[in-house]
Amino acid sequence: MKNSVVQSLHPAYFSMVMATGIVAIAAWFLEFKGISLILHYLNMAFYLALLAMLVARIFFHGKAIIADLLDYQRGPGYFTFIAGTAIVGNQLVIIENALFYAKILLWVALAAWVLITYSFFVVITIKENKPTLDKGINGAWLVIIVSTQAVSTLMSTLAPDQPFGEFSIFVAMAFYMVGAIMYIYIMSLIIYRLSFFSLKPDELGAPYWINMGAAAITTLAGSRLILNIDIDTPMGDFIPFLKGFTFFYWSASTWWIPLMLILGSWRHLFKKVPLPISPQVITWDTGAWSSPWECTRFVLFYFQKH
Amino acid sequence: MKNSVVQSLHPAYFSMVMATGIVAIAAWFLEFKGISLILHYLNMAFYLALLAMLVARIFFHGKAIIADLLDYQRGPGYFTFIAGTAIVGNQLVIIENALFYAKILLWVALAAWVLITYSFFVVITIKENKPTLDKGINGAWLVIIVSTQAVSTLMSTLAPDQPFGEFSIFVAMAFYMVGAIMYIYIMSLIIYRLSFFSLKPDELGAPYWINMGAAAITTLAGSRLILNIDIDTPMGDFIPFLKGFTFFYWSASTWWIPLMLILGSWRHLFKKVPLPISPQVITWDTGAWSSPWECTRFVLFYFQKH
Amino acid sequence: MKNSVVQSLHPAYFSMVMATGIVAIAAWFLEFKGISLILHYLNMAFYLALLAMLVARIFFHGKAIIADLLDYQRGPGYFTFIAGTAIVGNQLVIIENALFYAKILLWVALAAWVLITYSFFVVITIKENKPTLDKGINGAWLVIIVSTQAVSTLMSTLAPDQPFGEFSIFVAMAFYMVGAIMYIYIMSLIIYRLSFFSLKPDELGAPYWINMGAAAITTLAGSRLILNIDIDTPMGDFIPFLKGFTFFYWSASTWWIPLMLILGSWRHLFKKVPLPISPQVITWDTGAWSSPWECTRFVLFYFQKH
């Protein structure tokens, strides 16, 4: 039985790690340090268990790994591994100041980003039978952006402690920019899909919360860059642009909140779609609260500065 | 008969208020104060008459109100109410310095923006039978952006007189950014539609002038922000970004002018599509002149500063 | 026979001029001055020969000229004439400091830009039978952006020597911005096409390298603006935005490099598509090397400044 769990493991399971980590970090900043520490250790256990299962799956169920990669619904799930790794890295820095382990996770996340990003885009380009837009795209595609920005966030957070700190900031900014342009590409397709192809209530699943989450983490990555850039280096010249551009994504993110709340209510209250117990539902619940929270923190932080 | 006029009132009729208001304001700046005042009072009469009809329609013809909202061609028309309200508010500030009434209109426009924007996007997402892109989208969708930027413009114009002026600027900037990102989303779809789906001459109606108008009002909203931000507040940090980003939309807007003139000539001269007498035609005529005018004013203003 | 060559001349032949010119300029900066001069003179010969053929084609084969313009595959080829002209202009400035001839080429490129850009967009809008996205779009559409940015580059390079230098910078910046927004529009469509429509190996031709090239020349145009703006003029206010925005396109461009290398290998090694001898193949080969080179030079330049 254990074997079949590994074989059918949904690649998006690392979204549980993402969600738990985001809550652990938020709790830490809110000074709920007990809860934060429990979630922090729990999440490292989740991460290691899922990692072990993923490695076992790669060794023993290579075909299932490839089949998932070829699937437009399951394929983007692999990006949750990158984001989960980077978020555990962030926990280690923020909660434990464990820079050494955080750096290892940064390298793991970076290697996974290169491998997964290019495998995914090569596969969807050369695949022979492709679904139409309405069957192919969903909010889960935005995890591509979330993972890119999560790598950027961890990299810029670690930059001040790196021997090549300025170069780290440079690379972190390039990741931020790649995430930013992909947000526009993918969101254009999602808006096209939502507006011009019929959407069944059960298709409006948790992944669409990532509409908001993707812009929220872009905001976070931009804020971290602004905080970690040394203004006396040439990178300092980019701060005015980063402030405006980050605000642009913050606004785009905030716009979605009421729409998602209304569509979520419609789905559960009027269409009686049950709240499923799945990895996604956890992202849903915590995403629903942590994204606006992150955004509000951004605004509060902003006005504090005054 | 009056009743059937109310029942079938096209929601886009407020475009007449938009057009008249834009001309009234332009005439005021050009020192044609007599003409400006006539248009100003005339427009308030238009606005109040249309508002009365809209309210009557909501009370007595709720089904027609909903049917229009569900229609991809007529639905975006509701956004002209938001933009019309904000433009009358601008008239009141610029021509009469009547800040109290302008603030009331700002609150009306804001409430309408929230209600109409989210109703529209909820409806087009959950609707069961959706048209294909070529039947569904047209230039009128860009009124979504125009209305967002019109609210931003009125809000930043009123900000220096508000008790929470800096917060008003903050919200006005968020509206500007939301309008800016939606311009990219919707324009990508419009370019896809124009380039890859056949377009009959009578489909190339007045709404396509809004291609230009939407970027022009984004330019205007950006310029107003730049002028109304107090550079000694934290918002002052956003000025360099706003200058560049606003110039980006000014360029995008200007690019469309020759294309629209050529396509308009083709439509009227070669394909003999008559110039219809409709609310749209007024937007066409005044849009055709006021958008380039607004853009040119931006450039002149810019070089004056030197 | 000469006649039939002229009649069937592919409008994209000027890509040979683009490619040779880019290599000539790169060789000059790398201090391979002998090779650079040979390529420089060779390229002017290519340019004049192709120009003569184009003029002959316009006079004697007007129908073929129009037929190409109406074709979604061949039509965008005309934009290579604009880019080729601007690149020869750049050669003249950089290698010979021949400002007078460079200015003539700038005016030729500008006139061609107006004529070709608006003809192309009018034609694809009013055309009755349009192909679907997968048959209609390909990387060649990005030459629209390349040509716009090539004009911007030549214009800002010549600006310091113009009587209306500041106005030249202003127009060059508007071209840069138009190219920048069109990059987003067209790239959204290309990503949609690559991800959701099946792609045969022979369709993944050289034009897709322009994915990278278009962002690379946007980077170049932005860098030239930054270098040529006089910071004591009002245009100086735009430098912070230009730095960030140019970095945005540099990042977008760099992201494509590994993807293009993998897809190119797949095409040639696994699918055995032969490397054809065509004007495109030259852009392929040189584009493959000169775009990353230009990008790397940008980064090196950047860190030098420190």
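Biologist: What percentage of residues 247–266 of chain A is helix, and how far apart are the end C-alpha atoms?

Modeller: Helices are DSSP runs (H or I, at least four residues) and strands likewise (E, at least two), numbered from the N terminus. In this predicted model, residues 247–266 of chain A are 100% helix and 0% strand, with end C-alpha atoms 30 Å apart. Local features need pLDDT of at least 70 and side-chain atom pairs count only at pLDDT 80 or more, while totals for chains, interfaces and linings use all residues. Residues are numbered from 1 along each chain as its sequence is written, chains are lettered from A and ligands numbered from 1 in the order written, and side-chain values use heavy atoms, leaving out hydrogens and water.

Biologist: Which UniProt annotation covers residues 136–155 of chain A?

Modeller: UniProt annotations, given here in this numbering with shortened feature names, may be inferred rather than shown by experiment. The unreviewed entry lists "transmembrane region" for several segments, including 136–155 and 247–266. Residues 136–155 are 70% helix and 0% strand, and their end C-alpha atoms lie 32 Å apart.

Biologist: Is A:Pro76 buried or exposed?

Modeller: Buried means under 20% relative accessible area, exposed over 50%, and partly exposed in between (1.4 Å probe, protein chains only). A:Pro76 counts as buried because its relative accessibility is 0%. The residue sits in the loop between α4 (62–69) and α5 (79–96).

Biologist: Which residues does A:Pro76 touch, leaving aside those up to four places away in sequence?

Modeller: Contact means heavy atoms within 4.5 Å. A:Pro76 touches A:Asp71, A:Phe120, A:Ala140, A:Trp141 and A:Val143.
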